[in-house]
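Let's take a friendly walk through this two-chain model, from the place where the chains meet to a few residues of interest.

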Amino acid sequence: MNQEFTMVEINYWAIAPLLVVVAGALIGVLVEAFVARASRHNVQLGVGLVTYLAALVVLLAKSRTEHGLTMGGSVVIDGPSVFLMAVILCFALLSLLVMAERFGGPAADAFTPMGAATPGSDLERSAESAGWGTTEAVPLMMISVVGMMLFVSSGDLLTMFVALEVLSLPLYVLTGLARRRRLLSQEAALKYFLLGSFSSAFFLFGAALLYGYAGSVDIARIALAIGAASPVLDGLLLPGVALVLIGLLFKVGAVPFHAWTPDAYQGAPTPVTGFMAAATKIAAFGAILRLAYVGLSGNRWDWEPALIAIAALTMVIGAVMTVTQTDVKRLLAYSSIAHAGFILVAVMSFDVTGVSGAMFYLVCYGFTTIAAFALVTLVRHEGSEATDLSQWAGLGRRSPVVAGAFAICLLAFAGIPLTSGFTAKFAAFAPAISHGGAAGAWLVVIGVLASAVTAYVYFRIIVTMFFEEGAGDVVAITPSTLTTIAIAIGLVLTILLGVLPGPVLEAATQSAQFLR
Amino acid sequence: MTSTGEAWAFWILATVAVVTALVLLLARKAVHAAFGMAASMVALGAIFLAQQAPFLGVVHVFVYSGAVMMLFLFVVMLVGVDHADSLVETLPGQRFWSTVLALGLAALLMTGIGRVNYTGTADLSAVNADPGNVPAMAGLIFGRYVWVFEITSLLLITAAMAGMVLAQRQRLTPKATQREWSERRIRSNTHVAGLPNPGVYARHNAVDTPALQPDGSISALSINRTLKARGQVASPVEHVEAEERIQREITEGRTR
């Protein structure tokens with residue numbers, strides 16, 4: 001053997017945040033094995049909080065300045081990846097606080113006492129009365145966070161694919177672990193799993209075709225190959241791009257690939273839904289931005305029309321379907337589809353301000369979404385969540401604080417001035433007007449109309465909550481301090497980003513430059 | 001360009017792989033599906049071998065046809081004994097539209113990929129000679145793609161944890177011993193002598209044949225619940241008839 005083996009260059013500071021979360025997840029697994037059941041909940045919560053905080057500190061203190069490719073090109077540390085990783089960690093931190101809510105019981109309220117017990121069986125009942133809980137949710141969530149952080153920072157399609165799987169698999173499991181209405185939850189998990197594996201297969205097939213075209217899975221090398229334009233292999237490029245984008249658009253819930261969203265959002269434990277809606281969206285959009293702006297921008301004229309059509313469809317169908325919903329979680333699911341369309345509008349501007357606009361939108365939407373789903377967990381009818389909209393009638397009179405907080409979230413979703421929704425929509429639509437050409441302008445028109453339609457739905461809910469008489473047995477229960485903190489942070493940021501968007505917008509603008 | 005032999009091998013193996021993959025999808029019985037999967041994987045492994053990638057080819061056969069297939073068969077054996085699948089389609093016209101869309105996608109991909117006219121020679125013999133087939137793979141896995149390789153371990157951890165969370169039924173109470181069962185039966189005064197055995201007949205005895213009660217009716221208690229769920233309960237009628245025949249012959253012999 002003549003060739004000496006050369007190890008890849010590893011910049012440990014650059015990947016340190018990922019390693020911290022991996023270590024936290026492994027400690028969480030060991031906690032499951034060695035810590036007594038009674039104290040697992042608190043230990044896991046502590047491990048999770050310390051892990052996310054430590055990763056955030058390392059990321060902001062050290063990795064932020066380590067721009068460049070490392071691990072042989074698998075990991076890219078640049079402005080967008082650092083910004084999005086930091087936001088994902090913040091979302092994970094808030095979601096963990098909501099997930100750990102116990103409402104005075106012995107175990108986390110959202111998760112089933114025993115995932116393996118048949119719903120409604122004696123075993124389930126005895127596990128519940130023994131105070132068991134699914135504390136495995138915390139390490140599973142940490143593994144998912146590793147996948148998300150890697151997804152936004154991967155420099156080649158192979159890493160991106162593995163990151164996609166690492167982020168998805170724990171989410172499939174978490175979806176099926178709801179404490180109440182477990183059959184619905186398990187059905188949602190199975191649907192999410194089946195459709196998710198299909199979309200992964202699409203992504204993998206597309207990545208293989210792009211490898212055939214460019215001779216490399218590196219995103220930068222694919223960009224070079226597109227620039228060099230070899231006519232022989234040209235037939236591989238467009239199918240490859242289309243299939244890879246299908247895989248990614250599935251994860252954000254863009255319209256022809258959105259069928260899983262309402263079922264999975266409704267069936268999953270509500271705190272997990274909040275985490276999925278906020279963090280998965282940001283991870284998937286991070287990957288879409290990197291692929292669209294770095295890897296595939298060379299032939300964007302070929303695939304841009306399709307993406308414009310998808311953006312328009314996503315906004316319209318998301319908005320129209322929101323109107324017909326009667327379940328709060330399904331309604332928020334369709335609203336998240338519409339929001340994915342708004343973010344796609346920013347992506348389609350193909351300008352650096354589009355990147356910052358999309359990232360700013362994701363930040364605003366995520367904080368509001370986590371708070372909104374946390375509030376949904378509080379509204380109860382005979383102990384279980386009252387998700388039907390008719391049950392929310394008159395909530396504003398009985399529980400004015402919860403109803404008022406939810407109303408603020410809805411106003412932000414609607415994009416009312418002085419909430420983060422308005423500044424976010426402005427940040428997302430402005431680059432489409434100035435750089436997106438005629439198509440961009442049309443998309444913005446559709447976006448504004450779709451916002452108006454969804455605003456009608458949100459106002460209808462506010463009217464239901466405050467101005468209608470309802471049955472008196474639906475009440476908002478009082479959350480623990482941790483959940484209150486999470487909701488308060490979400491709400492404060494929802495208003496603060498609407499009034500004073502400057503610092504975060506500035507940060508997004510400064511970190512909008514991809515490393516090529 | 002590919003040589004004639006290679007082209008022949010490809011068309012034969014690819015046909016086998018696609019047809020058996022379709023068997024995997026369309027077979028009604030799980031065992032047929034498993035065979036389809038194994039055959040498809042072996043054909044794919046053979047294609048790798050034909051492409052001068054012996055390591056990949058052999059690993060493909062070992063891992064998929066060996067390990068994964070075994071797991072698959074174990075799962076088929078263990079799970080789903082008394083679960084019935086509902087085969088009712090809830091979406092009207094779903095089969096038609098999914099066929100149309102699938103054919104459309106296939107046509108699009110074929111027209112796109114079919115335009116490719118690759119003229120180079122696919123030859124791995126240089127790499128296979130130096131550094132060698134396996135060292136070259138190792139160089140990629142532990143060199144350029146070492147990060148991907150390491151991160152894959154998280155998938156295995158997730159799979160193990162998911163398996164524990166979703167499938168491990170932990171006992172909350174100790175398993176009842178035979179003595180406890182017996183005491184419980186006597187105290188409640190039901191089935192004090194235990195549940196009835198399955199049928200024992202003059203010419204036949206088996207667990208899948210129910211016992212008869214004194215009045216000739218079938219004792220449902222004598223049959224294992226798993227067999228009942230699988231629909232594998234045999235009818236005792238023929239054994240009863242055989243017994244009656246013997247009885248008749250004996251009586252005939254006596255009277256003659």
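Two residues are in contact here when they have heavy atoms within 4.5 Å. With that in hand, and keeping in mind that this is a predicted model, we can start at the interface.

**Where the chains meet**

The contact involves 57 residues of chain A and 35 residues of chain B. Together the two chains bury about 3700 Å² between them, and 78% of that area lies on carbon and sulfur atoms. Polar features are found here too: 8 residue pairs are in polar contact across the interface of chain A and chain B (both at pLDDT 80 or more). On the chain A side, at least two residues each come from helix H1 (12–34), H4, H5, helix H6 (157–175), helix H7 (182–214) and helix H9 (234–252). H6(A) gives the largest share of this side, with 8 residues.

The rule also finds 2 salt bridges between chain A and chain B. One of the salt bridges in the model pairs Asp218(A) with Arg144(B), whose closest N and O atoms are 2.7 Å apart.

| Residue | Relative accessible area | Class |
|---|---|---|
| Thr134(A) | 8% | buried |
| Arg290(A) | 2% | buried |
| Val134(B) | 42% | partly exposed |

Thr134(A) sits in the loop between helix H4 (122–129) and helix H5 (137–153) of chain A. Because its relative accessibility is 8%, Thr134(A) counts as buried, the cut-off being under 20%. Leaving aside residues up to four places away in sequence, Thr134(A) touches Phe111(A), Thr112(A), Pro113(A), Leu177(A) and, from the other chain, Val165(B). A polar atom of the Thr134(A) side chain lies 2.5 Å from the backbone oxygen of Thr112(A).

Arg290(A) belongs to helix H11 (residues 270–295) of chain A.

**A nonpolar patch on chain B**

Val134(B) lies in helix H5 (residues 125–144) of chain B. Val134(B) is part of a nonpolar surface patch, along with Leu49(B), Phe55(B), Val58(B), Val59(B), Phe62(B), Val63(B) and Tyr64(B). Together these residues have about 650 Å² of accessible area. Which helix supplies the largest share of the nonpolar patch? Helix H3 (residues 54–78) of chain B does, with 6 residues.

How values were computed
Residues are numbered from 1 along each chain as its sequence is written. Chains are lettered from A and ligands numbered from 1 in the order in which they are written. This is a predicted model: local features need pLDDT of at least 70, side-chain atom pairs count only at pLDDT 80 or more; totals for chains, interfaces and linings use all residues. Side-chain values use heavy atoms; hydrogens and water are left out. Patches are made of residues with over 30% relative accessible area and no salt bridge: like charges are joined within 9 Å, nonpolar side chains (Val, Leu, Ile, Met, Phe, Trp, Tyr) within 5 Å. Accessible areas come from the Shrake-Rupley method with a 1.4 Å probe; for residues, only the protein chains shown count as cover. A salt bridge is a side-chain nitrogen of Lys or Arg within 4 Å of a carboxyl oxygen of Asp or Glu. Helices (H or I, at least four residues) and strands (E, at least two) are DSSP runs, numbered from the N terminus. Buried means under 20% relative accessible area, exposed over 50%, partly exposed in between (1.4 Å probe, protein chains only). A polar contact is a pair of N or O atoms within 3.5 Å; within protein, one must be able to donate a hydrogen and the other to accept it, and residues adjacent in sequence count only if both atoms are side-chain atoms. Buried area is the accessible area (1.4 Å probe) that two parts lose on being put together, summed over both.
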